[in-house]
Amino acid sequence: MLLCSLAWFLFRASGNAQTVTIPVVVHVIWHSPEENISEEQILSQIDALNRDFQSLNDQSIVPPGFRSLVANTGIGFCLAARDPEGKATTGIVRRQTSIPQIASASSGGLRSICYTELGGSDAWNPDHYLNIWVGSFGGLWVGEASPPLSEIPAEDGIRIDPRYFGTLGTATAPYNLGHSLTHETGHYLGLLHPWGTDNDNINCEGDDGIADTPRQSKSYYGECPQGGFTCGTPDMTMNFMNWSDDACVAMFTKGQKNKMWETLNGSRKSLLQSENLCSATALPPPPAQTPLITVYPNPGRQVFTLQMKKEATEELQLFDASGRLILRLSPKTRQFDLSGHPAGIYYLKAGRQVLKIACLPD
Ligand SMILES: [Zn+2]
């Protein structure tokens with residue numbers, strides 16, 4: 001942590017770049033006791049994330065040809081010191097779950113790990129916090145991230161396996177240096193893999209839209225490549241957005257930095273106003289998202305009434321628990337009827353607000 005604060009001092013003193021610290025909440029959702037990772041392991045991950053984003057990590061593997069492209073992104077991360085209600089917090093939520101491999105589990109099309117009711121933990125307002133859920137993928141994945149403008153705000157954030165999180169404890173080679181979260185955070189801030197969206201880029205047509213990351217046709221999954229060369233140029237196999245082993249990635253480029261700042265000044269702009277959540281003694285947090293709509297009775301039967309704080313401007317959409325759109329409602333709707341639909345959980349989406357509605361049997 002000392003290194004981190006010293007780095008910030010030097011960085012701020014240089015005065016040449018925009019900086020921000022994004023508040024993070026880590027939801028540890030554990031089934032077997034070893035998945036209930038230590039606070040030390042969580043801190044080791046936040047430190048690694050800060051080193052990677054601020055170009056303070058070991059970059060000795062970056063070849064001379066790419067060194068001038070290495071970027072200090074000016075983006076930092078803290079464990080939140082205030083929760084959504086403004087109370088002091090460690091920024092860590094722990095919950096035991098009865099569901100094994102919770103990060104791979106879904107219920108009715110929803111990711112279980114993102115909902116307390118489904119055995120996970122509800123997101124803190126994703127407009128103000130980066131939500132990171134640490135839970136077992138059962139070997140299926142290392143992690144996954146929601147890109148900007150993801151469909152379901154309640155699931156906006158990053159999910160990662162405890163074996164690939166942090167640099168000690170359960171962290172397991174070859175992803176035991178904390179770079180997997182760096183990779184996922186790159187996705188969360190709008191970066192693609194260097195080969196674009198198509199995992200089979202043999203024609204070199206796919207690209208990440210960033211000028212200073214060379215096109216490549218290989219993903220370098222599970223290896224430590226030496227001098228990769230595809231699509232007519234040397235591959236930047238040591239870029240954090242590749243799938244190379246943790247020991248073999250070390251950099252973001254200036255173009256990637258610009259792309260991430262584009263996201264921070266665009267769809268994730270509210271994170272820029274959330275730095276005060278990093279300090280327990282700072283100003284109170286920004287007000288939680290004012291609910292536009294409330295529904296009553298909830299739980300209820302058949303007919304539900306909507307109460308609007310102010311006139312909605314967009315169509316309201318009602319989804320069932322499997323994520324299927326079942327009703328579109330005009331912004332002027334004040335009542336809707338669920339008779340004829342099965343009892344269960346429904347979700348009403350109004351702008352970025354998602355309201356959970358429990359419909360009881362008749
Ligand atoms: Zn990825």
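**Reading helices 2 and 4 and their neighbours**

Tutor: Helix 2 passes helix 4 in a right-handed crossing. Keep in mind that this is a predicted model.

Student: What makes helix 2 oblique to helix 4?

Tutor: Start with the geometry: helix 2 (residues 39-53) and helix 4 (residues 179-188) pack at an angle of about 60°, with their axes 9 Å apart. That angle makes helix 2 oblique to helix 4, because roughly parallel needs under 35 degrees and roughly perpendicular needs 65 to 115.

Student: Which residues meet where helix 2 packs on helix 4?

Tutor: From helix 2 come Gln45, Leu49 and Asp52, and they meet His179, Leu181, Thr182 and Thr185 of helix 4. Sorted by class, this contact holds two nonpolar, four polar and one charged residues.

Student: How do you know whether helix 4 is enclosed or open?

Tutor: Look at the burial of its residues: nine of the 10 are buried, so helix 4 is largely enclosed by the rest of the structure. In helix 4, His179, Ser180, Leu181, Thr182, His183, Glu184, Thr185, Gly186 and Tyr188 are buried. They pack against helix 2, strand 6 (130-134), strand 7 (143-145) and strand 8 (158-160).

Student: What follows helix 4?

Tutor: Gly190 does, and its phi is positive, near 105°.

Student: Strand 6 came up just now. How do you know how enclosed strand 6 is?

Tutor: Again by counting buried residues: five of the five in strand 6 are buried, so this strand is largely enclosed by the rest of the structure. Leu130, Ile132 and Val134 point one way, Asn131 and Trp133 point the other way, and all are buried. The reason for such a pattern is that side chains in a regular strand alternate between the two faces of the sheet.

Student: What makes strand 1 and strand 6 a pair?

Tutor: Pairing takes at least two bridges, and five bridges join strand 1 (residues 20-30) to strand 6, in the parallel sense.

Student: Let's turn to strand 11. How do you know that it pairs with strand 12?

Tutor: Four bridges join strand 11 (residues 293-296) to strand 12 (residues 303-308), against a requirement of at least two, and the two strands run antiparallel. Thr294 stands opposite Gln307, while Tyr296 is partnered by Thr305. The two strands form a hairpin with six residues between them, and Gln302 in the turn has a positive phi of about 60°.

Student: Why do strand 11 and strand 15 count as edges?

Tutor: The open sheet has three strands in the order 11-12-15, with antiparallel pairing. Strand 11 and strand 15 (335-337) each have a single partner strand, so one side of each is left without a neighbour in the sheet. From one strand to the next, the twist averages 25°.

How values were computed: Residues numbered from 1 in each chain as written. Predicted model: local features only at pLDDT ≥ 70, side-chain atom pairs only at ≥ 80, totals over all residues. Axes fitted to C-alpha atoms, helices over the stretch in contact; angles between N-to-C directions. Parallel < 35°, antiparallel > 145°, perpendicular 65-115°, else oblique. Left-handed = near helix turned anticlockwise from the far one by under 90°. Contact = placed C-beta atoms within 7 Å. Nonpolar A, V, L, I, M, F, W, Y, C, P; charged D, E, K, R; others polar. Buried ≥ 20, exposed ≤ 12 C-beta atoms within 10 Å, placed from the backbone.
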